[in-house]
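Subject: Structure handover

Hi,

Here is the structure I promised, with my notes below it. Please read them side by side.

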Amino acid sequence: MPPSQDNNSSVQQLLETHGVPDKLPTSQVKPSGSILDQLTGNPFFTAGFGLAIIAAAAATGQRALRYGADLLYRRMLVDVEITRNDEAYGWILHWISAHHKAQTAGIVKGNNSGFVGKLATKFTPGLHHLQFQSAKVRLPDGSTKTNFSLVPGLGRHILRYRNAFISINRQREKSFDLATGTPFETISLTTLYAHRNVFTDLFQEAQVLARKSQEGKTTMFTAWGTEWKPFGEPKRKRPIDSVVLEEGMKEHILKDVQSFLDSRTWYLDRGIPYRRGYLLHGPPGTGKSSFIQALAGELDFNIAILNVSERGLTDDRLAHLLGKVPSRTMVLLEDADAAFVNRKQSDSEGYSGATVTFSGLLNALDGVASSEERLVFLTTNHIERLDDALIRPGRIDMSLRLGNAKEYQISRLWDRFYGEIDGQEQGKVQFMQAIKDFGLVGKISTAALQGLFLYNKSDTQGAVRSVAALAEVVYKKS
Ligand SMILES: Nc1ncnc2c1ncn2[C@@H]1O[C@H](COP(=O)(O)OP(=O)(O)O)[C@@H](O)[C@H]1O
Ligand SMILES: [Mg+2]
């Protein structure tokens, strides 16, 4: 007899001698397996009445145990499940680690009075296995640094929060997100029904913690399959004062964005998609990217960077991505003219550029509608290369040219660099005169000017002398 049959017949025998319980409703059958795990895996239960229940249940038999367990589950335990796609997923993981760290360091103390309180302080369960999460951060000097954090790994953990024990189960599903190749994950938090209120506090704490770690920072998102993922660590907000545009221009844009953000009901009442598109164009190095970053910081927005020439990005995926931009996040499409330039040329692997079509981009931009405000920014160095269809009103509502440095900007930028050491403005007068003598007003970018000032850091005379060299470069180019 083949062994498999042997096995089957012994199972059969077992069932015959011990009997199969009558058909139980599926709702009763399901939790019994997991509840046993919970009962035996949870120090709170093993320490007290949980044990008694198990013992009692064992005495009255299998079926009673199942029934009892189910009752316990339904009456006494509540659970909350969070999937990986939820914004709260990351917060909760980090909160758990932070809370546990604080607890083991003795910062968080429960209420120690009463039986439950005493019992609770006896057990401060540990996180058994941790997962290493790292993120590369680019430092201003160009080098990179890796920040890491430890979060609860897969499996079950028990955590004490106030006087409640919370069983945490981080599970990886068998199915994969086909687009990103990452497995689906869920965390479920289970606690006693009597302690259900702790969840509200816990989630609030987790959210506050997440906000705090973001305070004063701008998160950049990039598309990763069909998801937006933070790109590196959040960056320090760029102060809006650090970007010097033509007189009144910053205020003009800021006022427009702010009035848009304030007119949510106006849009919704009229059935107009609640979004606004901006195009910043002009020569390179005039502060287009810098301004958008500073604006995001000023408005407390994050930035989702869209790269339409990305390999493997299709019209469908693009539409999907634009439909699920994280909240308080503006969409940024840099160098919009370059997106469709290299379509026809194929690389050595026979790959012919992006798979997003121009009409796919238009449709995706039009489809960027949600009940939340949506800000879309496009930048280009070559507005003449942009298709009219892309920049028609409704897609682009405000188009602004950022030009080379005007007198006002040169003077403001000077102040930012030498304001403190050039109190009498002698240096500034000489510098402005030199700029005019060489006819450089409106001929040099703010980036070039910044370069000159950086080169002559705290040396006003050096800056004045450098104007001649700058002029030489400018006139050689043109
Ligand atoms: N208007 C400006 N004000 C302050 N800094 C500027 C300005 N324009 C350019 N810069 C500086 O020059 C560099 C390049 O600017 P960037 O914003 O990338 O220009 P663009 O996107 O227009 O090509 C940045 O380091 C930025 O700080
Ligand atoms: Mg740029």
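Gln409 touches Val244, Leu245, Glu246, Asn404 and Thr446, leaving aside residues up to four places away in sequence. Contact here means heavy atoms within 4.5 Å. Gln409 is found in helix H14. It is buried, with a relative accessible area of 3%. Buried means under 20% relative accessible area, exposed over 50%, and partly exposed in between (1.4 Å probe, protein chains only). Helices (H or I, at least four residues) and strands (E, at least two) are DSSP runs, numbered from the N terminus.

Ground rules next. This is a predicted model, where local features need pLDDT of at least 70, side-chain atom pairs count only at pLDDT 80 or more, and totals for chains, interfaces and linings use all residues. Residues are numbered from 1 along each chain as its sequence is written, chains are lettered from A and ligands numbered from 1 in the order in which they are written, and side-chain values use heavy atoms, with hydrogens and water left out.

Overall, the protein has 17 helices and 15 strands. Of its 478 residues, 41% count as buried. Take contacts between residues at least 6 apart in sequence: 70% of them join residues at least 24 apart.

Helix packing

H14 (residues 407-418) also meets helix H15 (residues 426-437): their axes come within 11 Å and cross at roughly 145°. Axes are lines fitted to C-alpha atoms, for helices over the stretch in contact, and angles run from 0 to 180 degrees between N-to-C directions. The H14 and H15 crossing is right-handed. A crossing is left-handed if the near helix is turned anticlockwise from the far one by less than a right angle, and right-handed if clockwise. H14 contributes Glu407, Ile410, Ser411, Trp414 and Asp415 to the contact, and H15 contributes Gly427, Lys428, Phe431, Met432, Ile435 and Lys436.

A second pair is H9 and H11. Their axes come within 12 Å and cross at roughly 45°. That makes H9 oblique to H11. Angles under 35 degrees count as roughly parallel, over 145 as roughly antiparallel, 65 to 115 as roughly perpendicular and the rest as oblique. This crossing of H9 and H11 is right-handed. On the H9 side, the contact includes Ile253, Leu254 and Val257; on the H11 side, it includes Phe291, Leu295 and Leu299.

Cores

Which residues touch the most other members of the largest nonpolar core? They are Val257, Phe291, Leu295, Leu299, Met330, Leu375 and Phe377, out of 29 residues. A nonpolar core is a set of buried Ala, Val, Leu, Ile, Met, Phe, Trp, Tyr and Cys residues joined through side-chain atoms within 4.5 Å. Elements giving two or more residues to this core include helix H9 (249-261), helix H11 (288-299) and strand S14 (374-380). Apart from it lies another core, of 26 residues, among them Ala339, Val356, Leu378 and Leu386.

Ile92, in helix H6 (residues 88-104), is buried, at 0% relative accessible area. Its contacts are Ile82, Ile187, Leu202, Phe203 and Ala206, not counting residues up to four places away in sequence. Ile92 and Leu202 are 110 residues apart along the chain, yet their C-alpha atoms are separated by 8.6 Å.

Backbone check

Two residues other than glycine deserve a look. Asp300 has phi near 65°, a positive value. Asp300 lies in the loop between H11 and strand S12 (302-306) and is partly exposed, at 47%. Arg328 has phi near 50°, also positive.

Best wishes
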